[in-house]
Amino acid sequence: MTDDPQRNFRSVYYEKVGFRGVEEKKSLEILLKDNPLDLEKLSTFSQRFPLPSMYRVHVWKVLLGVLPPHSDSHNLVGSYRKDQYQDIMEALEVMRFINSSTPSAHVYLRMFQLESQVLPRCSEISPLPKSLEHYLSQEEPGLLSHLKNSGALAQLPYSLWFRRCFAGCLPESSLQRVWDKVISGSCKILVFVALEILLSYKIMLLGVSRPECVVKFLCNIPQENTDVIVTKAIDLWHKYCGTPIHAM
């Protein structure tokens, strides 16, 4: 689909007057009428704009491969996926990876790992902490030095942030915006959410010298301003990684 100058003008105008989502919703609806669906365009759209809540789950399923690009197969494949879900749940229970008291976030993580054939036998070190350290050195070198000297840097809740993708840390409304980017292929957004959390609570963190107190706070951050944190994190992501080109 070729660029439409009039559509682009309207998009800029709506954003300036506070109705940014109007044209975005219309654009997504046009993309969803394609058969087969264009995964590259859906991915680019998800990285550049927040997904409308009424379409979010459907787009996630398509981008994750839960549903195929061909819309006329969605009902049939959806019924197969329900059976697959039950089979994986039962397998994890038999292997004692989950039980009735396992938090939902852990259950879904184990299901994904089993389906992807990466169910862990032991913990592995994620490369994302090094990226976080790099960007923190660019934004707030003083805070980085403090966290290193106090011993807190090595004990930050990396598992909560990078393995669970902030599930259990951010409320659902904020979490969905982060997962829009992750599911569309940009896991690096996780680094910038963690970075913005550290920046947002810089003054408090600089006043704490015990690593266990730092970790306890970061695992239970206040929930009232997380939308602002995610917005600033996305801005940082664009600052360092650029803005995806919106293919329409």
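Which side chain of opposite charge is nearest to Glu196, and how far away is it? I began with this residue in the predicted model. The nearest is Lys232, at 4.6 Å. Glu196 is buried yet has no salt bridge.

I then looked up where Glu196 sits. It is in helix 11, residues 189-200. Leaving aside neighbours within four places in sequence, I found Glu196 in contact with Ile229, Lys232, Ala233 and Leu236.

**Entry: helix 7**

I turned to helix 7, residues 128-139. It has 12 residues and reaches 17 Å from its first C-alpha to its last. That is close to the 16 Å expected at 1.5 Å a residue. I listed its buried residues: Leu128, Pro129, Leu132, Tyr135 and Leu136. Looking down the axis of helix 7, I see these buried residues fall within an arc of 125 degrees, so they line one face of the helix.

What do they pack against? The partners are helix 8 (141-150), helix 9 (158-163), helix 11 and helix 14 (226-241).

**Entry: nonpolar cores**

Next I looked up the largest nonpolar core. It has 44 residues. Leu132, Trp161, Phe166 and Leu198 have the most contacts inside it. Two or more residues come from each of helix 7, helix 8, helix 9, helix 10 (172-183), helix 11, helix 13 (211-218) and helix 14. Which helix gives the most? Helix 11 does, with 10 residues.

Not counting residues up to four places away in sequence, Leu198 touches Leu132, Leu136, Leu143, Leu147, Leu156, Trp161, Leu205 and Leu218. I note the general background: in soluble globular proteins, nonpolar side chains tend to be buried together.

**Entry: Leu144**

Is Leu144 buried or exposed? Its relative accessibility is 8%, so I count Leu144 as buried. Leu144 is found in helix 8. I checked its place relative to Leu132: they are 12 residues apart in sequence and 9.9 Å apart in space, C-alpha to C-alpha. Setting aside residues up to four places away in sequence, Leu144 touches Glu133, Leu136, Ser137 and Leu153.

**Entry: salt bridges**

How many salt bridges does the whole structure hold? The search finds 7. I looked up three of them.

Glu23 pairs with Lys26, with the closest N and O atoms 3.9 Å apart. Both lie in helix 2 (residues 20-32), 3 residues apart, about one turn of the helix. Glu23 counts as buried because its relative accessibility is 3%. Lys26 is at 42%, so it counts as partly exposed.

Glu139 and Lys239 meet at 2.8 Å, N to O. Glu139 lies in helix 7 and Lys239 in helix 14, so this pair ties together parts that are 100 residues apart in sequence. I have Glu139 as partly exposed, at 23% relative accessibility. Lys239 is exposed, with a relative accessible area of 56%.

Glu140 and Lys202 meet at 3.3 Å, N to O. Glu140 lies in the loop between helix 7 and helix 8, and Lys202 in helix 12 (residues 202-206), so the pair ties together parts that are 62 residues apart in sequence. Glu140 is partly exposed, with a relative accessible area of 23%. Lys202 is also partly exposed, at 25%.

Key:
Residues numbered from 1 in each chain as written. Predicted model: local features only at pLDDT ≥ 70, side-chain atom pairs only at ≥ 80, totals over all residues. Heavy atoms only, no water. Helix = DSSP H or I, 4+ residues; strand = E, 2+ residues; numbered from the N terminus. Buried < 20%, exposed > 50% of the residue type's maximum accessible area, 1.4 Å probe, protein only. Lys, Arg positive; Asp, Glu negative; His and termini not counted. Salt bridge = Lys/Arg side-chain N within 4 Å of Asp/Glu carboxyl O. Contact = heavy atoms within 4.5 Å. Expected span 1.5 Å × (residues − 1). Arc of directions from axis to C-beta. Core = buried A, V, L, I, M, F, W, Y, C linked by side-chain atoms within 4.5 Å.
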